[in-house]
Amino acid sequence: MRRARAIILCLAAVCLFAFSACSGCEKNGESAFVFLSVRLKGGGGTVTAYAQNEFALGSNVIPVKLELYFSEEKKSDVRDMEAVGNAASDDLDIFEKLETSANVGGGGYFCAVLRYTLNGETRLLQSEILYYDEDGGRK
């Protein structure tokens, strides 16, 4: 029992130290760390791009823009594809999702791009370029 208490106290001390150390990482209310994800999902004749703030450490305001791109032929660069959907948020808070959808039509290649600003720097996160058939099924 004493050993369990000692372990719990040690863990609590480590957590408290880590929290206060990470709080010190903030500079002018900006985040020290953030984990964003971007995904594609098809079904029912549509493809949807999702962006989510999976985790953020510290105070964070993260403006984001999610774009969905399409091409009938496979392209190696998203800049050669057509934008078919977009959504934006002034602050994608922790655990929040943002999405945009487009009709598949006769099938084609889709890609999602998330542009976000963190600590004054604009960054980009891109999904793979994937093929979806006319039903929204991934091939």
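View 1. Look at Tyr69 here: its bridge partner in E6 is Cys111. This is a predicted model, so please read each view with that in mind. E3 and E6 run antiparallel and are joined by eight bridges. E3 also pairs with strand E4 (residues 82-89), again in the antiparallel sense, over seven bridges. Within that pairing, Phe70 has Glu82 as its bridge partner in E4. How many of the eight residues of E3 are buried? Seven are, so E3 counts as mostly covered.

**View 2. The largest nonpolar core.** This core has 25 residues, and Leu40, Leu66, Phe110 and Leu114 touch the most other members. At least two residues come from each of several strands, including E1 (33-43), E2 (46-57) and E5 (97-103). Which strand gives the most to this core? It is E6, with five residues. In soluble globular proteins, nonpolar side chains tend to be buried together.

**View 3. Around Leu114.** Leaving aside residues up to four places away in sequence, Leu114 touches a set that includes Leu36, Val38, Ala51, Leu66 and Leu125. Another core, of seven residues, lies apart from the largest one; among its members are Tyr69, Val78, Val113 and Ile129.

**View 4. Asp135, after E8.** Asp135 sits in the segment that follows E8. Is Asp135 buried or exposed? Asp135 counts as exposed because its relative accessibility is 52%, and the cut-off for exposed is over 50%. Asp135 touches Gly43, Gly44 and Gly45, not counting residues up to four places away in sequence. Gly106 is 29 residues from Asp135 in sequence, yet their C-alpha atoms are 8.4 Å apart in space.

Definitions and conventions: Residues numbered from 1 in each chain as written. Predicted model: local features only at pLDDT ≥ 70, side-chain atom pairs only at ≥ 80, totals over all residues. Heavy atoms only, no water. Core = buried A, V, L, I, M, F, W, Y, C linked by side-chain atoms within 4.5 Å. Buried < 20%, exposed > 50% of the residue type's maximum accessible area, 1.4 Å probe, protein only. Helix = DSSP H or I, 4+ residues; strand = E, 2+ residues; numbered from the N terminus. Contact = heavy atoms within 4.5 Å. Pairing = 2+ DSSP bridges.
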